[in-house]
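Here is a short briefing to read alongside the sequence and the 3D view. Please keep both open as you go through the points.

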Amino acid sequence: QPSRLTIVCPAFDPDLRQYTNDFSQENFIGNFQFGKIEDPLNPPYLLCNLCASHIMIDKDYKPVIYDFGMISGGILTDRTELTNQYVDGCHGYIDPVGARPGAWSEKCDVFSFGVVLLGLITNKVYTEEDFTSGKPSVHEWAWGEYRQQQSHSSKHNISLVHANIESELLFYPRDGTKLTNLAMQCVEYDPLKRPTMKQVVSYLLKLEIVQGHGNSLGIDQIPHGDHATDLANKLSEGFSEGNIIGDFEFGRVFRGKTAGKEVTVKIWKIPERTYVTCEYERRLWDELVLLQHPKFMSHPNMLKLVGYCFEGKQLAIVYDLKPLDTIHNLMVKDNFTWLQRIKVALGFAVLLNFLHHPVPHRIQYLVRNICAAHIILDQDGFRKLLDFGMLAGGILPERRFEKFHRRGAAGYGHYYIHGDGPLERRDDVIAFGEILLSLISKYFVNQEEYKAKLSVPGPSRSQFSLVNKTFMTERGFSSKDGIKITKLALECMEFYPSGCPEMKKVVKSLMKLHAVRNYGDEVGIKEMLS
């Protein structure tokens, strides 16, 4: 069972506290649990050196952080407890309580955000010259001003907003008070009294300027959780049976529409008991990290991310893909032609070669649960890898030895896959061989047949073909190709590692086929090699 946390809410100002209390009655504990500790091996990202000079503004006044020199957490090394992690520069922005001893937390970033907010509303900035001359920082000055005004009036009338801003046409006095109180809560010396950034965002969205002029501020373009909540509500209502594409190892895949555009929706089905706490949340998190990496975003055989849902036990991803069907469903159909099957085989081999390609200072990727149900075609016939739930290596944490990640796809991969050792590259190659054999035979290969195919005497393999006879009259078919593909598939399914080829060799073998050399445009060579 996931661990339970007791949340202590500090005494915020009445407006903020009322909103937080309303939120906490239904959702606060659950969203904290899955929003903050959804992955014990991937702690939340911390910037640790946020300051005004590290925020760039584009021509539309959209802020972009451009310095990540001290970022910690997520898929990166967790450096929050290192005692030598001090910031050079950023004077006046760094949490004086949490950061200096080396005990970084997300509340350190909240403090830095509070200083940035103070600078925005007071027109003040703390420079190197100010630091050298010993002038008080912005937050030190603000506390002095705040306490001075507090001695003469209630906190609901305190405002540190600069006079020039107060004279602007769209300035609302109540917003000035609210922003002042919010900024002061963020720069509280006691980290426990500071709000979370989720609470800060919720509070900012309730400002009068935001409520009245949200469109001109571009609020509709800022992701603040409502899209995920809407998707969660739709997921709870369920999809119609007619939109089901098929099952993947951890749930189900559906056809869907968003803003009139056809998409593919993958929904995790979380069992009551899992191998480890937050196992499925971690699978979703890994996939999000992967699909937003520039190297994968540009690959033609990788899915494009539209959005995701991460609300309690509602886990889902939406892909920019107009789906046709999975290879599992198409495999036995007669209208799935020979050239289309060659296109799928070659494209998927190219993708696996891309994943297996060694990268300096990182281990190669292993998919580890390859099966026909995890390869999907779009309406144009381009194949995409659909599931990354057991992917390991590369930019993801090393998980080849974790037992709860050794499930594999039923019927595919090494039939000793559940042994004591870690999954290896040849397990992906073996699973590819089984898919290749199924593509040309229109027949799903199981483990017993897998052993039988490997027992075929060596000499007979030179003229041995498992191609379904219905393909022999099709355009692009060559009997020599059938023999070559059969031999290649059996080589991929070799039990002993020495006989199992690398995917680079597999791609070269497929490129030599008659169907590829003579029908390259139909097979999509240009798209694969672009």
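Arg368 is found in the loop between α14 (338-356) and β9 (375-378), where helices (H or I, at least four residues) and strands (E, at least two) are DSSP runs numbered from the N terminus. This is a predicted model, in which local features need pLDDT of at least 70, side-chain atom pairs count only at pLDDT 80 or more, and totals for chains, interfaces and linings use all residues. Residues are numbered from 1 along each chain as its sequence is written, and side-chain values use heavy atoms, with hydrogens and water left out.

- Arg368 is not a glycine, yet its phi is positive, at about 75°.
- With a relative accessible area of 3%, Arg368 is buried; buried means under 20% relative accessible area, exposed over 50%, and partly exposed in between (1.4 Å probe, protein chains only).
- Cys48, not a glycine either, has a positive phi of about 70°.
- The loop between α2 (28-36) and β1 (55-57) is where Cys48 lies, and its relative accessible area of 4% makes Cys48 buried.

**Cysteines**

- Cys309 has 0% relative accessibility and therefore counts as buried.
- Cys371 counts as buried too, because its relative accessibility is 8%.
- How many disulfides are there, taking a disulfide as a pair of cysteine sulfur atoms within 2.5 Å? The count comes to 0 disulfides.
- As a reminder, a disulfide is a covalent bond between the sulfur atoms of two cysteines.

**The pair α15 and α17**

- Helix α15 (residues 425-441) packs on helix α17 (residues 479-492) at an angle of about 150°, and their axes are 7 Å apart. Axes are lines fitted to C-alpha atoms, for helices over the stretch in contact, and angles run from 0 to 180 degrees between N-to-C directions.
- That angle makes α15 roughly antiparallel to α17 (under 35 degrees counts as roughly parallel, over 145 as roughly antiparallel, 65 to 115 as roughly perpendicular and the rest as oblique).
- The crossing of α15 past α17 is left-handed, meaning that the near helix is turned anticlockwise from the far one by less than a right angle; clockwise would be right-handed.
- On the α15 side the contact (heavy atoms within 4.5 Å) is made by Val429, Ile430, Phe432, Gly433, Leu436, Leu437 and Ile440, and on the α17 side by Ile485, Thr486, Leu488, Ala489 and Cys492.
- These contact residues of α15 and α17 divide into 10 nonpolar, 2 polar and no charged. Here Ala, Val, Leu, Ile, Met, Phe, Trp, Tyr, Cys and Pro count as nonpolar, Asp, Glu, Lys and Arg as charged, and the others, Gly among them, as polar.

**Two partly exposed residues**

- Val306 sits in strand β6 (residues 305-311) and counts as partly exposed at 46% relative accessibility.
- Leaving aside neighbours within four places in sequence, Val306 is in contact with Val318, Tyr319 and Asp320.
- Val306 and Ile317 are 11 residues apart in sequence, and their C-alpha atoms are 7.8 Å apart in space.
- Phe68 belongs to the loop between β2 (63-65) and α3 (106-122), and its relative accessible area of 44% makes Phe68 partly exposed.
- Along the chain Phe68 and His54 are 14 residues apart, and 8.9 Å separates their C-alpha atoms.

**The chain as a whole**

- The chain has 21 helices and 10 strands.
- Of its 530 residues, 49% count as buried.
- Among contacts in the chain with a separation of 6 or more, 64% are between residues 24 or more positions apart.

Technical notes. A disulfide is a pair of cysteine sulfur atoms within 2.5 Å.
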